[in-house]
Amino acid sequence: METVLKVIGMSCEHCERHTKNELEEITGVQSAVASHSSGQVVIKHDESVSLKEMKAAIAEVGYEVV
């Protein structure tokens with residue numbers, strides 16, 4: 001599966017790495033690509049990964065899913 005989330009608060013490549021790393025720690029997430037310029041995160045994951053888990057991971061590093 002692939003999920004695209006709109007995220008506010010990322011402003012640089014460091015922000016992208018933090019978001020990517022946090023998401024990829026979730027069991028079932030194969031990859032995450034964050035872009036501060038587009039304000040999007042593209043997450044490839046198994047069906048077992050919930051939207052709630054992904055949003056919580058993004059919030060954990062200080063950003064907000066809109």
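A polar contact, as I use it here, is a pair of N or O atoms within 3.5 Å; within protein, one must be able to donate a hydrogen and the other to accept it, and residues adjacent in sequence count only if both atoms are side-chain atoms.

**Ground rules.** I'm working on a predicted model, so to speak of local features I need pLDDT of at least 70, and side-chain atom pairs count only at pLDDT 80 or more, while totals for chains, interfaces and linings use all residues. Numbering starts from 1 along each chain as its sequence is written, and side-chain values use heavy atoms, with hydrogens and water left out.

**Thr 3.** I started with this residue, which lies in strand E1; strands (E, at least two residues) and helices (H or I, at least four) are DSSP runs, numbered from the N terminus. Why does Thr 3 count as buried? Its relative accessibility is 16%, and buried means under 20% relative accessible area, exposed over 50%, partly exposed in between (1.4 Å probe, protein chains only). The side chains of Thr 3 and His 45 make a polar contact of 2.6 Å. Leaving out residues up to four places away in sequence, I find Thr 3 touching Val 41, Val 42, Ile 43, His 45 and Met 54 (contact means heavy atoms within 4.5 Å).

**E1, residues 2-8.** I looked at which way the side chains go, and they alternate.

**Pairing.** I call two strands paired if DSSP finds at least two bridges between them. E1 runs antiparallel to E3 (residues 40-45), with five bridges, and Val 4 has Val 42 as its bridge partner there. E1 also has two bridges to E4 (residues 64-65), again antiparallel, where Ile 8 stands opposite Glu 64. Next I checked E2 (residues 29-35): six bridges join this strand to E3 in the antiparallel sense, and Val 33 is bridged to Val 42. E2 and E3 form a hairpin with four residues between them, and Gly 39 in the turn has a positive phi of about 70 degrees.

**H2, residues 51-60.** Which residues of H2 are buried? I get Met 54, Ala 57 and Ile 58. They sit on the same side of H2 because they cover an arc of only 95 degrees around the axis, taken from the directions from the helix axis to the C-beta atoms. Lys 52 and Glu 60, on the other side, are exposed. The buried residues pack against E1, helix H1 (13-24), E3 and E4.
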